[in-house]
Amino acid sequence: TFTHEFKLRNPNATEADVMFVGHSLGGGLAHILGARNEVRSVGLEPPGVALSHKKFGFDRERYDRTAVSLQRDYDLVPQVDKQGGEVAHMPCDQIDPTHCHVLRPLMCQLRRECDLIGDVTYLNLSTFQDCKID
């Protein structure tokens, strides 16, 4: 399995060191991989995959244990299929569904609301250069 191979190559790693993350369809794929490999996954505005669990070959209960999704108001993509696991909702300052699905405004909003203004070494700060932080 993935986790077995990962631990062989990274003997000092713990379960906390492994996580699948993706945006949009990549978030749905992260959830599928997470559920199939019993690894945590984070989907940023992903489509749901709960109703498709048999087709994608994973256990629904495992999906509910491993998945965390972040979705914004008015975004249509997370409304496809059904979400599972933990789902956090964030407001979107636009009613336009295409704006509410774009990754950069979401990342800026996360930076602002989660107080990621200082030296955040694990993020590529060039992603946030044009964020308006009050």
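Helix α2 (residues 25-37) lies across β1, β2 and β3 and runs at about 160° to β1. Here helices (H or I, at least four residues) and strands (E, at least two) are DSSP runs, numbered from the N terminus. Axes are lines fitted to C-alpha atoms, for helices over the stretch in contact (heavy atoms within 4.5 Å), and angles run from 0 to 180 degrees between N-to-C directions. The model is a predicted one, in which local features need pLDDT of at least 70 and side-chain atom pairs count only at pLDDT 80 or more, whereas totals for chains, interfaces and linings use all residues. Residues are numbered from 1 along each chain as its sequence is written, and side-chain values use heavy atoms, with hydrogens and water left out.

The strands form an open sheet of 4, in the order β1-β2-β3-β4, with parallel pairing; two strands pair if DSSP finds at least two bridges between them. At the edges stand β1 (20-23) and β4, each of which pairs on one side only. From one strand to the next, the twist averages 15°.

With strand β2 (residues 41-44), β3 pairs in the parallel sense over 4 bridges. L70 of β3 is the bridge partner of L44, and S69 of β3 is the bridge partner of G43. Between β2 and β3 the chain passes through helix α3 (residues 60-66), and this β-α-β crossover is right-handed: with the strands pointing away from the viewer, the path from the first strand over the helix to the second runs clockwise. On the β4 side, 5 bridges join β3 to strand β4 (residues 86-90), and these strands run parallel. R72 stands opposite M90 in β4.

Strand β3 is also mostly covered, since 5 of its 6 residues are buried. Buried means under 20% relative accessible area, exposed over 50%, and partly exposed in between (1.4 Å probe, protein chains only).

Turning to side chains, the structure has 1 aromatic pair. Rings of Phe, Tyr and Trp (its six-membered ring) pair if their centres lie within 6.5 Å; planes under 30 degrees apart count as stacked, over 60 as edge-to-face and the rest as tilted. F58 and Y63 form an edge-to-face pair, 5.6 Å centre to centre with 65° between the planes. Both F58 and Y63 are buried.

The structure also holds 1 disulfide, defined as a pair of cysteine sulfur atoms within 2.5 Å. C92 and C100 form this disulfide, with their sulfur atoms 2.0 Å apart. The torsion about the S-S bond of C92 and C100 is about -90°, so the disulfide is left-handed. C92 is buried because its relative accessible area is 9%, and C100 counts as buried at 0% relative accessibility.
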